[in-house]
Amino acid sequence: MDMIVTPTPRLAGEIQALSSKNYTTRYLLVAALAEGTSVIRYPAHSEDSDALRRCVRDLGAVLEEDDEKIVVTGFGSRPKPVKELDVGNAGAVLRFLMAVAALLPEVTFVNKYPESLGKRPHDDLITALERMGATIEHREGKLPITIRGGDAVRGGKIQVSGSVSSQFLSALLFLTPLLAEDSEIEVLNDLKSKVVVGQTLEVLAQAGIVVEASSDLMRFKVPGGQRYRAQEYVVQGDYPGSAAILAAAAVTESDVTVHRLLEESKQGERAVVDVLKAMGTPLTHKDGIVHVQGNGKLRAVEFDGDEFTDGVLAMVAAAVFAEGTSRFYNVENLRFKECDRITDYLAELRKAGANVEEKQDEIIVHGRPEGVEGGVTIDAHYDHRVIMALTVVGLRAKAPLTIKDAHHVAKSYPNYFDHLTALGANVRWTE
């Protein structure tokens with residue numbers, strides 16, 4: 001389904017931030033890897049978290065849900081053998097479960113999204129798992145992927161590249177505590193999205209897993225023979241999804257309040273609050289509440305985008321309307337997401353009338369405070385973050401924007417457009 005976004009001068013109201021996708025998926029995984037029953041309160045409901053729910057059930061976990069919690073009885077270090085797993089279009093879920101699959105004799109990850117997840121590379125994790133003893137069949141590092149592991153997989157000295165994604169490292173951090181041997185993991189090259197590795201380490205510690213990490217997160221010592229502890233977890237509000245809501249408030253006249261965004265969160269995307277402040281957005285952030293009183297007047301900024309990877313596109317959308325030239329650098333890993341979030345995203349921004357340019361690892365925005373023309377149909381490339389960011393641009397365009405296949409926003413934020421509508425945005429679905 002397509003979404004028509006009509007220019008909206010004012011937003012006002014209060015919403016509860018959706019629950020964090022990153023924490024929900026990690027809590028679901030460690031609960032499944034525990035022996036015993038865990039409780040996850042306020043879990044996210046999205047296509048990604050639903051994919052992990054489906055897969056851990058297939059692997060033998062028992063899940064019982066109501067409106068506020070999931071009760072998970074885990075399979076521990078002995079997942080049930082299965083022939084296939086379907087992770088949908090969820091890259092993090094695929095990578096985490098590729099590591100878990102190394103505990104099994106054989107499993108194939110199927111390719112249901114050849115134009116999105118099916119194009120994403122997983123070579124770095126494949127190489128690491130093969131060196132640990134797994135046998136893996138794949139198509140140049142892409143889906144479908146068959147992993148044969150079980151007793152052949154060993155800990156020890158492990159190397160993995162972090163230059164494409166930190167998810168490969170996180171996957172190994174979930175697996176290695178369950179192996180008999182102690183492990184030492186060395187990250188090769190650069191490590192992208194270090195803040196997300198911090199989330200993985202936080203969740204592992206909550207689950208009773210001991211990991212010794214170097215201060216630069218490039219070396220890890222993981223004792224073998226550990227067991228995940230059944231636990232109760234509370235999922236915090238999600239900064240990556242809220243980034244687009246906050247950006248929408250910043251580019252319009254607004255009085256918008258978003259609850260459940262913790263100041264001390266380890267989500268790197270909490271930096272979007274600092275980015276918007278630097279742009280001159282009038283806002284406060286206290287007691288987990290962000291209150292934006294936007295006036296649409298923004299100034300250009302420069303930021304290291306690797307600090308808040310999943311918030312960059314929304315901040316670029318805000319910068320489209322800033323006075324001056326903004327620069328978001330160190331963002332090359334955006335090219336390896338559901339789409340190329342630099343080239344593909346900027347192509348759609350240009351159609352809408354934005355003045356943007358790219359380098360291999362940079363997005364440069366020449367702001368147009370007077371607004372952009374709009375009045376066109378644009379392609380979100382099946383990418384939930386692109387959909388949300390393009391919507392922000394549509395709210396401030398001079399004529400409506402039609403976003404193709406906008407229903408893919410459900411990958412992370414199924415009620416995104418409901419929340420925008422509640423705040424007064426003029427958006428409507430069309431076939």
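A polar contact is taken here as a pair of N or O atoms within 3.5 Å, where, within protein, one atom must be able to donate a hydrogen and the other to accept it, and where residues adjacent in sequence count only if both atoms are side-chain atoms. The structure is a predicted model, in which local features need pLDDT of at least 70 and side-chain atom pairs count only at pLDDT 80 or more, while totals for chains, interfaces and linings use all residues. Residues are numbered from 1 along each chain as its sequence is written, and side-chain values use heavy atoms, with hydrogens and water left out.

By the polar-contact criterion, the side chains of Glu338 and Lys411 are joined at 2.7 Å. Glu338 is placed in the loop between β21 (325-329) and α10 (343-352), helices (H or I, at least four residues) and strands (E, at least two) being DSSP runs numbered from the N terminus. With a relative accessible area of 6%, Glu338 is buried, a term that denotes under 20% relative accessible area, as against exposed at over 50% and partly exposed in between (1.4 Å probe, protein chains only). When residues up to four places away in sequence are not counted, Glu338 touches Asn89, Ser116, Arg120, His381, Tyr382, Asp383, His384 and Lys411, contact meaning heavy atoms within 4.5 Å.

A search of the whole structure for aromatic pairs returns 7; rings of Phe, Tyr and Trp (its six-membered ring) pair if their centres lie within 6.5 Å, with planes under 30 degrees apart counted as stacked, over 60 as edge-to-face and the rest as tilted. Phe96 and Phe174 form an edge-to-face pair, at 5.2 Å centre to centre and with 65° between the planes. This pair links distant parts of the chain, given that Phe96 belongs to helix α3 (residues 91-101) and Phe174 to helix α5 (residues 167-175), 78 residues apart. Phe96 counts as buried because its relative accessibility is 1%, and Phe174 is likewise buried, with a relative accessible area of 1%. The rings of Tyr416 and Phe417 have planes at 65° and centres 5.1 Å apart, so this pair is also edge-to-face. Tyr416 is buried at 0% relative accessibility, and Phe417 is buried with a relative accessible area of 4%; Tyr413, Tyr416, Phe417 and Trp429 form one aromatic cluster.

Nonpolar cores were defined as sets of buried Ala, Val, Leu, Ile, Met, Phe, Trp, Tyr and Cys residues joined through side-chain atoms within 4.5 Å. The largest such core holds 78 residues, of which Met315, Tyr345, Leu349 and Tyr416 touch the most other members. Helix α7 (residues 239-251) gives the most to this core, with 10 residues. Leaving aside neighbours within four places in sequence, Tyr345 is in contact with Leu313, Val316, Ala317, Asp340, Val386, Ala389 and Leu390. Another core, of 77 residues, lies apart from the largest one and includes Cys55, Leu104, Leu129 and Leu173.

Cys55 is buried at 0% relative accessibility, and Cys339 also counts as buried, at 8%. With a disulfide taken as a pair of cysteine sulfur atoms within 2.5 Å, the count comes to 0 disulfides.

Phe220, placed in strand β13 (residues 219-222), is buried at 2% relative accessibility. Apart from residues up to four places away in sequence, Phe220 touches Leu169, Leu173, Ser183, Glu184, Ile185, Val187, Val197, Leu201, Val211, Glu212 and Ala213. Phe220 and Thr377 are 157 residues apart in sequence and, C-alpha to C-alpha, 48 Å apart in space.
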